[in-house]
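Here is a brief report on the structure shown below. It takes the strands, the helices and the chain contact in turn.

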Amino acid sequence: MTFRPSRRQLTLGAVIVVASLAVVETTVALVAPALAPTDADWVAAAAAVRAGFRPGDLIVAAPGWADPILRVHLGDLIPPEVAARMDDDRFARVWEVSQRGAHAPAAEAATATVARDERFGRLRVRLLERPAETVTYDFVAHGADARLTRRDLRGGVAACAPAGDRVNCAAGGSVLFRRQVVEVEQKLREALLTEPLANAALAIEFPAVPLGRALVIATGLHDTWMRKAARGTVEARVTVGDQTTELPVTDDDSGWTRTRIDTSARAGQTLPVRLEITSANPYDRFFAFAAEARQ
Amino acid sequence: MRRLPLSPRRLDWIITAILALGAVVWLLSVEGRQGIGRDEAQYFRAGERYWGWFSELSDNLAAGHPGRSFTASDIDRYWGDNAPDHPVVMKVLYGISWRAFHTCHCTGATRSLHPVPIRARHRTLPLFARESTAFRFPAILFAALLVGMVYRFARRWLPRGPAAVAAVLTLAQPHFFFHAQISCFDAPIATMAFAVGFAYWKSLRDWRWGLATGALFGISLGVKHNAWLIPFFLVAHYVWMRRGDLRARRLPRVPLAFLAMLVLGPLIFLAHWPWLWVSPLARTRAYVERHLEHEHYNFEYLGFNFNQPPTTTKMKWIRATAPFVETGLTVPVTTLALAALGAGLLARRRRGAPVAPESAESEARPAGHPSSLRPSWLRPGADVDRAPGAFVLVQTLGPLSVLAVPSTPIFGGVKHFLAAMPYLALLAGLGLDWLIRVAAEGLPDARAGLRRAAPAALAVLVCLPALVETRRSHPDGLGHYNLLAGGFAGGASLGMNRQFWGYSVLPMLPDLDRRVPENRQFFWHDVLSDAIWMYKRDGRLSLEVGNTGFGEEGIARSEIGILFYEKHWAKYEAWFWQYYGTTKPVEVRAREGVPLVTLYRRGVR
């Protein structure tokens, strides 16, 4: 036998649904403020993290929007190079301070094991241990070692001389080249920041890079307002020894793009690594990159 | 003692007054917790400066030289402020209200913080302790006027209970409520758009309202440029209402209301804005171009930062959903559910049938002499069904649809289509009326008491979530999202905008004021100097608190500073880390755990 509600039952059902919705919405609105973590929750969670923290650990908030509050309590353990890291892969131990059932991307690795899991009021602290990649060379940290050259359309090559935050390229003007916390896709990254040259390629060479099994490079365009002001793209290629890899084109919408280059055939060797960037329309293009050679 | 007869008409006016007064009391009782945004601070300044022109005109009149106030240089000195950005109806009212109702400490320590020189202590009716409240008072009155008008309009279709609920639900929306108490133009233009729509509706059967429509449209043009859209929505409804003419292969008559809008609109617009008088055509063009080519400020929506028209198909589609998703995630869900019911009822209504049983009389075609049923440009709705469903549909979806066009800037979020909200509330009133009727019909005769109590109980019940959510959201209404989104936290997780233009610092001011001496070199980020001055004039901030200016240089010079969370400000945080040598804020102002403002101090470890 099937139940076929009458029109009267249906309309009364509508009354009950709306009335129930009003009750639920009111109740949630009254209760929800109390579901947020308190200062005491943060203090207790921070104390737990601090007690177990080891140098080289990563501390993250989940959801990510809680990060400023996390740094109020644990900012001294999160220096700029960690807060604005290229990616999470180098961290073997990740402290995740979470709320509302959220998880940080850094803590979601399938290979991670949960070493600790505790609750502090509305906060949950998990320590995740996972296999991490060993960095054999951090290009950002070695920014001062880079040699820059300008190669014009006819193949003429000129060296660029460092001058503070810039480099002066003979017959080619001056471009920015410095280590900086940049903003790409409204997120902060510690990177090397430079500009493509007009009608020429800018080559950035790191003369002696101890290679591991992979070279990971991330690229992006710095500064929301500059991305709004211009539309030009930046083309880049990486040469490791005699192996050249074209990187994805960097444009206003490409965000922070990571490329992994397999260098396992050269693992253990120390070779020059050269990044060459060009742009047909370099106006207001602030090209940021970070890279690591990894074991 | 003889009791005054309480006619239905008088009772309705009393309820209208109670609703409007309630809105004024509610808004005035909470506006002091609401910070001052960049735009509002500029309108304070402009309003006071415009008052300066009137003050000088009075002096010139007394001196027998009124013409001096009408020279190009004199006009521009006062009226050039905030031009060509916005016309001046509201700003003039803000200035007049300030002059009339503030408590004057003007010759004291804050004397130099006024945009026009203070020559002597002002004689005022000191209704308000804070100068900013005096500026805001007209905006609050406009919000109250809207609440009253929604009741009046709704009463044409609905019993008193649902009509009153529609009025309450108009204001009891966190985002509308936010805008209703500040001296900007978004809530006032929603009021004026509703007033024009109401007058137009009445003009369909009464020529006097046709003239009123024109006058109200002229005033709307002087409130904000959104008024340009009003004619499109009205014409769309009018053509639909008179679609029989098109079927008969004749053009509908142009109604008096449209002619009045065409004539009175530009005249009132030109007359109200002295800045235009200097060069009417060139300056009107500058004003129009200013808005047709308006910059796309940054705005976060679904995790993306929009600051220019999207170029890819995917982003265009995402961008096009903004007004609908923002409405769906900001208006209280019960209100939305009721509005959906109301929309369904209007959609199912047969032509000529009453909108609701009670509206049979008001919606019936006029009786009397057959001439009153003849098509006429004076009463263009007399011989046809006025198509209330189409009217409410266009008024609700029209403003949203304009903002759905991907090339339209969306930096104001919900404020750009607030004009839809009173109609949404009207639909909710319709939905409630239906619920009340079916609930009464569904209750057995034996439960007469329950049957009598049910309407009031349901009316109170459906208002509760809206009132509670609105109270919860204050004073951070822009960061609040509804049950579907999950409140402040849910909105943040969805990547929705939390705030703009630096208003949310207000609750931090007492703490910032105490941070001596470092607050002498203070980086205020997105708080405009006009807002800082108003906080000082209001006595909420010491005069000694400094302002190191905007951008990287401002941070470099400062000892302490704040950062408003908006996606596009991320690089400012990097500058804090660089110049202050720390990633560790000393304080974060948050709502329900969601950061709004971060405070940094140089050298904190």
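The sections below describe selected features of this predicted model.

## A covered strand in chain A

Strand β1 of chain A spans residues 58-62. It is mostly covered, with 5 of its 5 residues buried. Both faces of β1(A) are covered. A:L58, A:V60 and A:A62 lie on one side, and A:I59 and A:A61 lie on the other. In a regular strand the side chains alternate between the two faces of the sheet.

β1(A) pairs with strand β2 of chain A, residues 93-98. The sense is parallel, over 5 bridges. Within this part of the model, A:V60 stands opposite A:E96 in β2(A).

## Antiparallel pairing around β11(A)

Strand β11 of chain A covers residues 200-210. It pairs with strand β6 of chain A, residues 147-152, in the antiparallel sense over 6 bridges. β11(A) also pairs with strand β16 of chain A, residues 270-278. That pairing is antiparallel too and runs over 7 bridges.

A:A203 of β11(A) figures in both pairings. A:T149 stands opposite A:A203, and A:A203 stands opposite A:E276 in β16(A).

## The sheet of chain B

Chain B has an open sheet of 4 strands in the order β3-β4-β6-β5. Its pairing is mixed. β3 (522-523) and β5 of chain B each have a single partner strand, so they stand at the edges and one side of each is left without a neighbour in the sheet. β3(B) pairs with strand β4 of chain B, residues 560-564, in the parallel sense over 2 bridges. Here B:F523 stands opposite B:G561 in β4(B).

Helix α3 of chain A, residues 67-74, packs on this sheet and touches β5 and β6 of chain B. Its direction makes about 145° with that of β5(B). α26(B) packs on the sheet as well, touching β4 and β6 of chain B. The direction of α26(B) makes about 160° with that of β4(B).

## Contact between the chains

In the contact between the chains, 47 residues of chain B meet 41 residues of chain A. Several elements of chain B each supply at least two residues of its side, including α17 (333-348), α20 (421-442), α26 (570-580), β5 (587-591) and β6 (594-601). The largest share, 8 residues, comes from α21(B).

By class, the side of chain B that touches chain A has 24 nonpolar, 14 polar and 9 charged residues.

## Helix packing in chain B

α21(B) also packs against helix α6 of chain B, residues 160-171. The two axes come within 10 Å and cross at roughly 5°. Angles under 35 degrees count as roughly parallel, and α6(B) and α21(B) are therefore roughly parallel to each other.

From α6(B), B:G161, B:P162, B:V165, B:V168 and B:L169 take part in the contact. They meet B:P455, B:A456, B:A459, B:V462, B:C463 and B:A466 in α21(B). The residues of this contact divide into 10 nonpolar, 1 polar and no charged.

## A buried alanine

B:A257 lies in helix α12 of chain B, residues 256-272. Why does B:A257 count as buried? It has 30 C-beta neighbours inside 10 Å, and the cut-off is 20 or more.

Leaving aside neighbours within four places in sequence, B:A257 is in contact with B:Y200, B:S203, B:G210, B:T213 and B:G214. B:A257 and B:T213 are 44 residues apart in sequence. Their C-alpha atoms are 5.7 Å apart in space.

Key:
Residues are numbered from 1 along each chain as its sequence is written. Chains are lettered from A and ligands numbered from 1 in the order in which they are written. This is a predicted model: local features need pLDDT of at least 70, side-chain atom pairs count only at pLDDT 80 or more; totals for chains, interfaces and linings use all residues. A residue is buried if 20 or more other C-beta atoms lie within 10 Å of its own, exposed if 12 or fewer, and partly exposed in between; C-beta atoms are placed from the backbone. Two strands pair if DSSP finds at least two bridges between them. Two residues are in contact if their C-beta atoms, placed from the backbone, lie within 7 Å. Ala, Val, Leu, Ile, Met, Phe, Trp, Tyr, Cys and Pro count as nonpolar, Asp, Glu, Lys and Arg as charged, and the others, Gly among them, as polar. Axes are lines fitted to C-alpha atoms, for helices over the stretch in contact, and angles run from 0 to 180 degrees between N-to-C directions. Angles under 35 degrees count as roughly parallel, over 145 as roughly antiparallel, 65 to 115 as roughly perpendicular and the rest as oblique.
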